[in-house]
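Subject: Handover of a structure and the findings

Dear colleague,

I am passing on to you the structure shown below. Please keep it open while you read the notes that come after it.

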Amino acid sequence: MVDVLVVGGGNAALCAALMAREAGASVMLLEAAPREWRGGNSQHTRNLRCMHDAPQDVLIDAYPEEEYWQDLLKVTGGLTNEHLARLVIRESSTCRDWMRRHGVNFQPPLSGALHVARTNAFFMGGGKALVNAYYRSAEALGVQIRYNAPVDALELEGGRFKAARIGDERIEARACVLAAGGFESNREWLREAWGQNERGEWPADNFLIRGTRFNMGVLLKFMLDAGADSIGDPSQSHCVAIDARAPLYDGGICTRIDCVSLGVVVNRDAVRFYDEGEDFWPKRYAIWGRLTAMQPGQIAYSIIDAKAIGRFMPPVFPGVTANTLPELAQKLGLDPVTFEQTLRDYNAACKVGTFDHTALDDCHTEGVTPAKTHWARPIDTAPFYGYALRPGITFTYLGLKVDETAAVRFNDVPSDNLFVAGEMMAGNVLGKGYTAGVGMSIGTAFGRIAGTRAAAAAAAAAAPTGKSGNPSLAKSTT
Ligand SMILES: Cc1cc2nc3c(=O)[nH]c(=O)nc-3n(C[C@H](O)[C@H](O)[C@H](O)COP(=O)(O)OP(=O)(O)OC[C@H]3O[C@@H](n4cnc5c(N)ncnc54)[C@H](O)[C@@H]3O)c2cc1C
């Protein structure tokens, strides 16, 4: 029998598998996807948000624990567990040497509108390279890897893991780590979670899924039905406004539209609905998916003029271009009269000071609702550009409740051999909102803890005297 079974094949699963193997356990990893699609949402990532008290290789200045925590507190509106959040934050300051040992390389960010050179370490070659490096390292260390292995059920006994099932196949292990993602790929579940709105629409029908098609939430559902303690609201997720032309799955990072803070955003009725300059884009980009989801038809339009060009990472596909605002409205299918009025009101309200897109500058509006509080400049220089936006779901926040041991809990009693990491428990730290790079911080911290704990639980279970694992014996990464 294998010591540790890891279910999932993304960052959290790979961190768990590597740590368990390093701790001496025999490990099998089950990835639902075929080899060419391995790596879940992690294959689409670019960076990790890292605490540091002084400049560190690719990270400039300092990003102390308190500032990181305050950022998280702000975006979640307090819907976070401070103890677990601080644990993730501290782990983010020490995990990169371990990541490097497993082949992950880092690079500074490219310039653009992202303001993250201080806070985020970028993976050389992106998440795909990170995932490939981890798989290579796992294989070299002797982790057994199976692709096309979607686990559909678990056998549990008194809160203990016994075996996983793939159809008729039964795989036993002494301990198990669940790292099978959220339910973001499951359109039926999204539809149920979002329900029907006051206009009679089913908003989730217009969502696109930015990442993998394999995170169907099968095991999350199984565990919730089995009575595992849960956390989070099923309608909360990381949801970005993305290019409406993106494919249903796996559009990835290149479908992002990063010019929102440089212009205005209007809905299908050609009216503005939120402060486009509220804060730096990495701190705000994840609210625009939800904002778009609340609009009629779940569509919005990011409008910029020639002054914005060169100040943000250009989307892969060019936007709709026009030499006049009425022409732009007509090309976007918006009512030209309302559109022109909206832009006229906004332009007239702009109090332009010293424009600086790298700071919370003093360019703002006065006398228009909603206000634009920074980077407000009239949209008056042709050519004009428009990008249609749709809600792009990154990952859902409903998950399993944990404490610092990453153990799955039933009626508040921790399992001694079943652990969870990554998106399946990210809701403990992220009740709502998001700040760029924290998803990988959570998955790396809890993947490493879960792997270590699972290895210790397996060792205890295999010991002649011990029938069950005792997590308190485990070497902790905290
Ligand atoms: C486009 C995009 C860009 C992103 N960029 C960033 C970024 O730069 N920084 C950041 O911090 N976060 C980013 N994120 C979020 C980040 O991807 C997640 O927070 C993180 O990858 C979660 O890791 P995970 O291992 O929990 O999930 P995943 O990486 O999604 O892995 C889940 C795995 O479980 C497998 N699986 C699912 N169901 C089963 C089953 N029943 N049986 C077996 N296997 C199963 C899947 O195939 C997959 O391999 C991004 C996400 C997307 C979509």
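The notes below go from the whole chain to single residues.

**Overall form**

Please bear in mind that this is a predicted model. The protein has 478 residues, of which 55% count as buried. Its secondary structure comes to 12 helices and 21 strands. Taken along the principal axes, the C-alpha atoms fill a box of roughly 80 × 50 × 35 Å. A compact globule of 478 residues would have a radius of gyration near 23 Å, and the value for the protein is 23 Å, so the two agree. Contacts between residues at least 6 apart in sequence were also examined: 75% of them join residues at least 24 apart.

**Two domains**

The domain assignment divides the protein into domain 1 (2–182 + 217–236 + 397–473) and domain 2 (239–392). The contact takes 13 residues from domain 1 and 14 residues from domain 2. On the side of domain 1 that touches domain 2, the residues divide into 6 nonpolar, 5 polar and 2 charged. The centres of domain 1 and domain 2, taken over C-alpha atoms, are separated by 35 Å.

**The surroundings of the ligand**

There are 44 residues around the ligand, and those that come nearest are Gly10, Gly40, Gly211, Gly422 and Gly439. Two or more residues of this shell come from each of the elements α1 (11–22), β3 (47–49), α7 (218–225), β18 (384–396) and α12 (438–462). Which element gives the most to the shell around the ligand? It is α12, with 4 residues. By class, the shell has 19 nonpolar, 21 polar and 4 charged residues.

**Strands that pair**

Strands of a sheet pair through backbone hydrogen bonds, either parallel or antiparallel.

Phenylalanine 106 stands opposite phenylalanine 123 in β5.

The second example is strand β12 (residues 237–243), which pairs with β18 in the antiparallel sense over 7 bridges. Within this pair, cysteine 239 has isoleucine 393 of β18 as its bridge partner. Is β12 mostly covered or uncovered? It is mostly covered, as 7 of its 7 residues are buried.

**Residues in loops**

Glycine 437 is located in the loop between β21 (413–420) and α12. It counts as buried because 20 C-beta neighbours lie inside 10 Å, and 20 is the number from which a residue is called buried. Apart from neighbours within four places in sequence, glycine 437 is in contact with Asn47, Leu48, Arg49, Thr119 and Asn120. By contrast, glycine 437 and asparagine 323 are 37 Å apart in space, C-alpha to C-alpha, and 114 residues apart in sequence.

Valine 316 is in the loop between β14 (300–304) and β15 (320–322). With 14 other C-beta atoms within 10 Å, valine 316 is partly exposed. From valine 316 to methionine 28 there are 38 Å in space, C-alpha to C-alpha, and 288 residues in sequence.

The loop between β17 (364–365) and β18 holds proline 370, and proline 383 has its place in the loop between β17 and β18 as well. The peptide bond from threonine 369 to proline 370 is cis, with omega near -5°. The bond from alanine 382 to proline 383 is also cis, with omega near 0°.

Finally, two aspartates deserve a look. Aspartate 57, in the loop between β3 and α2 (65–76), has a positive phi of about 25° although it is not a glycine. Aspartate 57 is exposed, with 12 other C-beta atoms within 10 Å. Aspartate 412, in the loop between β20 (407–410) and β21, has a positive phi near 70°. Aspartate 412 counts as exposed, with 8 C-beta neighbours inside 10 Å.

Yours sincerely

Methods
Residues numbered from 1 in each chain as written. Predicted model: local features only at pLDDT ≥ 70, side-chain atom pairs only at ≥ 80, totals over all residues. Near = placed C-beta within 6 Å. Nonpolar A, V, L, I, M, F, W, Y, C, P; charged D, E, K, R; others polar. Rg over C-alpha atoms; globule rule 2.2 N^0.38 Å. Contact = placed C-beta atoms within 7 Å. Pairing = 2+ DSSP bridges. Domains from an automatic or database assignment.
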